[in-house]
Amino acid sequence: MKALLILGLLLLPATVQSKVFERCELARTLKRLGMEGFKGISLPNWMCLARWESNYNTQATNYNPGDGSTDYGIFQINSRYWCNDGKTPGAVNACGIPCSVLLQDDVNQAVTCAKRVVSDPQGIHAWVAWRAHCQNQDLSQYVRGCGV
């Protein structure tokens, strides 16, 4: 019994750690998942967005006390409009997913939801960090040397 407890404690850190992508690893992943040019948005724009929203961290979260919502995952997708976290008042869940899937190391569902977000009229402008750090900037540094 003691051995199982010790084994459980040793494995615990591995189960709660988040994946923080290396820049080029994420660039290749996003390209493979069809983000390059989706709705006219270049891969460097997606990379800049992910850098400033989550620092490439799949388990990043940010609580917004003003409306009680939370931003989740590598793209910091908001629970008021896009996913269901079971605690945001008046949530819409336009992506039709639990917010917890946005925190997975596998970013497929986060990418699918981000594509849904930019398909709305606001497009990539929905992200404050993109407007503040990426809009009208030279973003080539975000994919330089990545072979994408």
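Helix α2 is followed by G34, whose phi is positive, near 85 degrees. The model is predicted. Helix α2 itself spans residues 23-32, and its buried residues are C24, L26, A27, T29 and L30. The cover over these buried residues includes α3 (43-54) and α4 (108-118).

Strands β1 and β2 come next. Strand β1 covers residues 61-64 and runs antiparallel to β2, with four bridges joining the two. In this pairing, N64 stands opposite S69 of β2. Four residues lie between the strands of this hairpin, where G68 has a positive phi near 75 degrees.

Strand β2 (residues 69-72) is covered on both faces. S69 and D71 are buried on one side, and T70 and Y72 are buried on the other. Strand β2 also pairs with β3, again antiparallel, through two bridges. Here Y72 has I77 of β3 as its bridge partner. The hairpin of β2 and β3 has four residues between its strands, and G73 adopts a positive phi near 80 degrees.

Residue C99 sits in the loop between β3 (77-78) and α4. Buried means under 20% relative accessible area. C99 has 1% relative accessibility, so C99 counts as buried. Leaving aside residues up to four places away in sequence, C99 touches Y72, S79, C83, N84 and D85. Y72, one of these contacts, is also the bridge partner of I77. C99 and I77 are 22 residues apart along the chain, and 8.3 Å separates their C-alpha atoms.

Technical notes:
Residues numbered from 1 in each chain as written. Predicted model: local features only at pLDDT ≥ 70, side-chain atom pairs only at ≥ 80, totals over all residues. Heavy atoms only, no water. Buried < 20%, exposed > 50% of the residue type's maximum accessible area, 1.4 Å probe, protein only. Contact = heavy atoms within 4.5 Å. Pairing = 2+ DSSP bridges.
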